[in-house]
Amino acid sequence: MKDKIFGVLQRVGRSFMLPIAILPVAGLLLGIGSSFTNTTVLETYGLMEVMGPGTILNAILQVMSEAGNIVFANLPILFAMGVAIGMAKKEKEVAALAAAIAFFIMHASISAMITIHGGTESMLSGATASVCGITSLQMGVFGGIIVGLGVAALHNRFYKIELPQVLSFFGGTRFVPIICSLVYVLVGILMFYIWPVVQNGIYAVGDVVLKSGYFGTWVYGLMERLLIPFGLHHVFYLPFWQTAVGGTLEVGGQLIEGAQNIYFAQLADPNTSVFAVSATRFMSGKFPLMIFGLPGAALAMYKTARPEKRKEVGGLLMSAALTSMLTGITEPLEFTFLFVAPLLYGIHCVFAGLAYMLMHLFEVGVGMTFSGGLIDMFLFGILQGNAKTNWIWIVIVGIVYFVVYYLLFTLLIRKLDLKTPGRGDEEEVKLYRRSDVEARKNVTNGNGSQASDEDEISAMITQGLGGKANISDVDCCATRLRCTVIDAVLVDKELLKSTGASGVVQKGEGVQIIYGPRVTVIKSNLEDYLANVEEMPKDNSKANVKENTETTVEVNAEKSYDKNSEKVVKSIVISSPVNGVAADLSTAPDEAFAGRMMGDGAAVVPEQGVVYAPEDGEIAFVFDTKHAIGFLTDSGVSLLLHIGIDTVKLDGNGFEALVETGQHVVKGTPMLKLDLDYLKENAPSIVSPIICTELEDNQKIRLLKEGTVQAGEALFAIDIYE
Amino acid sequence: MKNFNYTITDEIGIHARPAGLLAKEAKKYSSKITIHAGEKSAEATKLMALMQLGVKCGQTIEVTVEGEDEATAVEEMKAFFEQNL
């Protein structure tokens, strides 16, 4: 049960990443735009002549400021859509549309209820707000999250619904926006009664938080850091940054909720003289920690590493420390000591709380878009001037932090002989070296494959997660690959770590592998790999022993049959119908084909838009939807050439048939023209199963080609046994 | 011999996947199962022949079952069609 909750929370946290990822760019636009249109700033730096009001530069900056501001002003709907996309299992674009509709409908319903009950005057002041131009309840991002989660739940339940014949047009994904609209009319009406109560609750919590003073700030900082190993910190800090939990303030005549919103509203408001510390207390603490403290820890780890290891450890720590300093992404560094020395992480959490508290104490008013790196500190601290932000305290406290972290880490590592990088045995150095890859490669692929390094990492990740069949879902946030597996037992943490990860967290079926900011690339590579490559080589993989999918068992059974059975009396070779990439049929992303239910053969991925006749033979049929061709070779083999997966649904779009049913063709005759771009966009996959539909019991398929293949080149053989 | 008529409700008709399922199902029985669609007919175990029929949504087909286990087979096939097509 606990694992399940963790899994759900993990997904929710992950779904926040998409809307959160827009904040840095919006923050940059708003930060640069509003800073350099602020006359106080301009006068301070003597820039009135160049970019004061009336100049072209000023106009551009004003546009930038507004462009950034609109994002912060409309975060609720962005969260509604972002969360819906993140939580929807498939057909995510439909969920996004449904979320936008549901969001509008909910707020419109609330608005109507408000009017019916006597308009905004009869409501508590501050309880209402204009949401996308609709006068509605002030729900902040909670409103968006309620919509996102609800829509995703409805979507996952109904996106495959089948309606009776007459209504079938409205079935499937089209049903999702419909049901969401109806449900959110009710949710809107309900919210009119419920939300004011919730709102009071939130205000009460916000009040407690406000009154908690410096100690509260410390607890906040401590909690936020403690949650990082679990990846749940986004779920934790978001309410503070985006809702009344983090306080409310009137800025430029408007009531603003949430710490980050308050900061950016003040940033956009030219009349701000000092940034509200009651808001920035939830943010500023990150700066001394990330720009100074953690690099101090990195230096300590470098100095305590064994001399012969220093060079390689230095590279790892240097890049991690720079990432932390510049962007405020700390996980690569934190995870280098979290797993080997939890005590250090515990101390780090206490100091994190302390950093927030000190910033609060010294009234530092520096906000941030997403984390506390130098870029944010420059834009939102230094540039705004010390009078408004007290940013100088970041540096003062920071230098102290650097020294304290350095001394404390050095002392503890030496005293307790903690195995930070470069201090343990050979394997303990968590550095991903080329030689490791090579070694690994030789083990897994004895025959020496031509796969690239990226594929090799993907292959190791796949294997570490228990094989392709065990991976149910792959996603990532800023620094970690977040996967859901089917059977948690098959996960090999050590192997995953050896792929260059700084740490691996597993809770039941949820697995997080921490790589740092390059994770997005790793994720894309892994997805490509999973889409294109066959099941992992089985020889030495742990997964093999516990392999439980029917497909593989069947395959193995077949293979042993091959070995034991009598000799082959005849082989018929079938050539590839396309220029592209060939692979085992089990890699087709479709159970029915991969499970060889329709027959055996191979899977090809076309890279050029023509399907040629694989052999001399007759066109048995061309489907009306032109996505598949039945082909009877002159040697008597029935082939089904099925182009792409689920392409039957495209209704012939993207295909052009060049042959007719009954026509006799010679090998190499063009049969179909494909619009590959269209197919890639509109079909789940363009992996194309080429299969023999009527195999006798004594006929077995032997794959002849894997990887790049030309049309006309031998693809597989049908071995006929005695 | 037993038989029944069935009107296809699957939006896309008998395409590759349902045909594969059908052929697999039909192989379970010793009876000869034949699908008649208009003028054409196909043995249910023959995937290619099934697809060649080009059966569409809304089209009515006749299924005939002939053999030792025809009594059970016909019921099972009925259920299969209702569930999958």
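**Entry 1: helices H7 and H8 of chain A**

I looked up how helix H7 (residues 140-158) and helix H8 (residues 175-211) of chain A pack, and found an angle of about 140° with the axes 10 Å apart. I note that the model is a predicted one. Angles over 145 degrees would count as roughly antiparallel; the computed angle therefore makes H7(A) oblique to H8(A). The crossing of H7(A) past H8(A) is right-handed.

I then listed the residues that meet. H7(A) contributes Val147(A), Gly150(A), Val151(A), Leu154(A), His155(A) and Phe158(A). From H8(A) come Phe175(A), Val176(A), Ile179(A), Cys180(A), Val183(A), Tyr184(A) and Val187(A). I sorted the residues of this contact into 11 nonpolar and 2 polar, with no charged residue.

**Entry 2: helix H15 of chain A**

I checked burial along helix H15 (residues 331-338) of chain A. I found 8 of its 8 residues buried, so the rest of the structure largely encloses this helix. Glu331(A) and Glu334(A) are among the buried residues, as are Pro332(A), Phe335(A) and Phe337(A).

Which elements do the buried residues of H15(A) pack against? I recorded helices H13 (286-304), H14 (310-327) and H16 (342-361) of chain A, together with strands E6 (480-485), E7 (503-507) and E8 (510-514) of chain A.

**Entry 3: contact between chains A and B**

I turned to the interface and found 14 residues of chain B in contact with 19 residues of chain A. On the chain B side, helix H1 (16-26) and helix H2 (47-53) are the elements that give two or more residues. I recorded 5 nonpolar, 5 polar and 4 charged residues on that side of chain B.

Methods:
Residues are numbered from 1 along each chain as its sequence is written. Chains are lettered from A and ligands numbered from 1 in the order in which they are written. This is a predicted model: local features need pLDDT of at least 70, side-chain atom pairs count only at pLDDT 80 or more; totals for chains, interfaces and linings use all residues. Two residues are in contact if their C-beta atoms, placed from the backbone, lie within 7 Å. Helices (H or I, at least four residues) and strands (E, at least two) are DSSP runs, numbered from the N terminus. Ala, Val, Leu, Ile, Met, Phe, Trp, Tyr, Cys and Pro count as nonpolar, Asp, Glu, Lys and Arg as charged, and the others, Gly among them, as polar. Axes are lines fitted to C-alpha atoms, for helices over the stretch in contact, and angles run from 0 to 180 degrees between N-to-C directions. Angles under 35 degrees count as roughly parallel, over 145 as roughly antiparallel, 65 to 115 as roughly perpendicular and the rest as oblique. A crossing is left-handed if the near helix is turned anticlockwise from the far one by less than a right angle, and right-handed if clockwise. A residue is buried if 20 or more other C-beta atoms lie within 10 Å of its own, exposed if 12 or fewer, and partly exposed in between; C-beta atoms are placed from the backbone.
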